[in-house]
Amino acid sequence: MVRYLAASTLVLLVMLVMIRTFQLKRLGIKAIQFGEKDKTDFLILPFAFLLFYIVFASAFDLPGIGVELFDDTFTGWIGAILCVMGILLFIYALISFGKSFRVGLDEDHPGELVTTGAFSISRNPIYTAFGLVLSGVFFIIPNWIILTYVFAGMWLFKRQILLEEQSLKGIYGEEYMAYCKKVRRFL
């Protein structure tokens with residue numbers, strides 16, 4: 001049952017991003033900036049599809065890839081809790097973002113600096129939510145490839161955060177620096 005939750009969580013994340021993107025498009029805001037500044041962003045897509053396949057293969061008894069490191073129902077339920085926490089934080093962050101939500105860097109039309117809601121507890125609640133979900137998926141499906149994704153994902157999140165911080169310093173200046181002094185990068 002928890003394996004279905006892992007698959008559902010990934011689908012829900014994608015759906016939430018798509019819904020928010022379409023909502024902003026109706027307001028004349030181009031929210032998808034993915035790959036416009038850095039074409040290497042597109043290298044992420046095949047790896048994302050592989051992750052989806054591994055999770056769906058496990059949930060729906062399709063031919064699998066990789067080996068599971070352990071089989072523990074209790075750990076699976078811990079993973080389910082992490083996935084639910086990640087989804088809730090993600091939804092809270094999307095609501096908090098308002099019209100400033102973007103996928104990728106948008107230095108031309110960045111929107112307002114958001115420091116309230118989910119952004120009052122973390123400067124990067126969406127990446128934190130992704131980290132919770134990715135860790136949760138690993139605890140549900142302890143495949144060694146997914147474990148590799150957890151470590152690679154954390155490295156990529158950190159890399160992207162550092163890039164975004166440089167951009168935000170340039171856009172918002174002292175306002176952003178003051179915000180950084182009040183709110184931690186993660187939780």
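The largest nonpolar core of this predicted model has 46 residues. A nonpolar core is here a set of buried Ala, Val, Leu, Ile, Met, Phe, Trp, Tyr and Cys residues joined through side-chain atoms within 4.5 Å, where buried means under 20% relative accessible area, exposed over 50%, and partly exposed in between (1.4 Å probe, protein chains only). V55, F90, F101, I126, V137, I140 and I146 have the most contacts inside this core. At least two core residues come from each of α1, α2, α3, α4 (125–140), α5 (144–172) and α6 (174–182), and α3 gives the most, with nine residues. These helices are DSSP runs (H or I, at least four residues), numbered from the N terminus.

Residues are numbered from 1 along each chain as its sequence is written. In this predicted model, local features need pLDDT of at least 70 and side-chain atom pairs count only at pLDDT 80 or more, while totals for chains, interfaces and linings use all residues; side-chain values use heavy atoms, with hydrogens and water left out.

Aromatic rings come next. The structure holds eleven aromatic pairs, defined as rings of Phe, Tyr and Trp (its six-membered ring) with centres within 6.5 Å; planes under 30 degrees apart count as stacked, over 60 as edge-to-face and the rest as tilted. One of the pairs joins Y4 and F60, which are tilted at 55° between the planes and lie 5.3 Å centre to centre. This pair links distant parts of the chain, 56 residues apart: Y4 is in helix α1 and F60 in the loop between α2 (44–59) and α3 (73–97). Y4 is partly exposed because its relative accessible area is 44%, and F60 is also partly exposed, at 44%. The rings of F138 and F139 have planes at 50° and centres 5.8 Å apart, so this pair is tilted too. F138 is buried, at 9% relative accessible area, whereas F139 is partly exposed, at 29%. Ring pairs also connect Y4, F52, F56 and F60 into a cluster.
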